[in-house]
Amino acid sequence: SSGGIITGIDVSNLVNGTTYRIKATVDGIAYPHRITTFTYYKEFTVTFESNGGSAVQSQQVSVGNNVRKPADPTKSGYQFGGWYKDQNLQTAWDFNNDVMPANNMTLYAKWGGNAHTIKYLPNNGTGAGKTDSVNYGDRYSILSAGSANVIAPAYHVLSGWNTRADGNGTTYTVGQQITVDGDLTLYAIWNWGDTRFNVTYNANGGSGGAVGPEVLPGQTDRVH
């Protein structure tokens with residue numbers, strides 16, 4: 001009958017996709033007038049290579065049948081992008097229309113990094129700052145002040161970036177290469193530049209007066 005189970009048959013010489021007719025035997029007694037028809041479909045193994053994600057159990061699937069779509073694997077920092085027929089992840093497997101071939105096969109998981117933000121703040125400077133979107137695991141180069149849309153306070157230069165506004169966090173230098181593993185907010189850290197000034201002493205009606213040595217902004221000059 002349709003959908004029944006047939007046991008005790010040596011399938012080693014059966015041809016896949018071929019329909020056979022056999023005489024029924026029950027408890028060792030042959031019933032020549034009871035003919036059973038069946039079509040033989042060989043099963044092969046489909047293996048799921050999760051490419052660093054959580055394990056996915058393999059399946060035994062008959063030739064010509066659809067592969068059951070498994071639950072999506074997970075991978076920290078990444079988004080699952082589907083199953084592919086090839087290791088280069090060029091051709092996706094369609095669970096609705098693709099069918100099991102007459103051989104074992106492997107399907108490969110595709111992953112895309114979660115997007116993270118790298119945010120630059122002027123921190124007592126001016127300018128709008130900048131926010132870059134970078135995928136998890138990507139390499140990224142820390143920006144200069146100009147590229148990050150921040151402007152230095154008067155007579156200051158950028159000495160680097162820090163994860164804290166007071167400079168007591170993690171320091172990053174311009175051009176430093178990092179591997180993105182999460183969101184990052186960077187505060188500009190400013191130092192006095194090398195612009196120098198002369199201090200002129202006016203005697204204001206008295207005698208003397210002098211021009212002092214060059215000093216940097218923020219530096220104290222000795223009174224003459």
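A residue is called buried when its relative accessible area is under 20%, exposed when that value is over 50%, and partly exposed in between. The model described here is predicted. In the protein, 28% of the 224 residues count as buried.

**Overall fold and surface**
- The protein has 15 strands and 0 helices.
- Among contacts with a separation of 6 or more, 49% are between residues 24 or more positions apart.
- The protein has an accessible surface of about 14300 Å², and carbon and sulfur atoms hold 46% of that area.

**The pair Tyr78 and Tyr136**
- The whole structure contains 5 aromatic pairs.
- In one of them, the ring centres of Tyr78 and Tyr136 lie 5.0 Å apart with planes at 75°, so this pair is edge-to-face.
- Tyr78 belongs to strand E5 (residues 78-84), while Tyr136 lies 58 residues away in the loop between strands E8 and E9.
- Tyr78 is partly exposed, with a relative accessibility of 26%.
- Tyr136 is also partly exposed, at 22%.
- The charged end of Lys75 sits over the ring of Tyr78, 4.6 Å from the ring centre.

**The pair Phe80 and Trp111**
- Phe80 and Trp111 form an edge-to-face pair, with 5.4 Å between centres and 65° between planes.
- Phe80 is in strand E5 and Trp111 in strand E6 (residues 105-113), 31 residues apart.
- Phe80 has 22% relative accessibility and therefore counts as partly exposed.
- Trp111, at 15%, counts as buried.
- Phe80 and Trp111 belong to a cluster linked by ring pairs, together with Phe48 and Trp83.

Note on methods: Residues numbered from 1 in each chain as written. Predicted model: local features only at pLDDT ≥ 70, side-chain atom pairs only at ≥ 80, totals over all residues. Heavy atoms only, no water. Helix = DSSP H or I, 4+ residues; strand = E, 2+ residues; numbered from the N terminus. Buried < 20%, exposed > 50% of the residue type's maximum accessible area, 1.4 Å probe, protein only. Contact = heavy atoms within 4.5 Å. Areas by Shrake-Rupley, 256 points an atom, 1.4 Å probe, with all protein chains shown as cover. Phe/Tyr/Trp six-rings, centres within 6.5 Å; stacked < 30°, edge-to-face > 60°. Lys NZ or Arg CZ within 6 Å of the ring centre and 35° of its normal.
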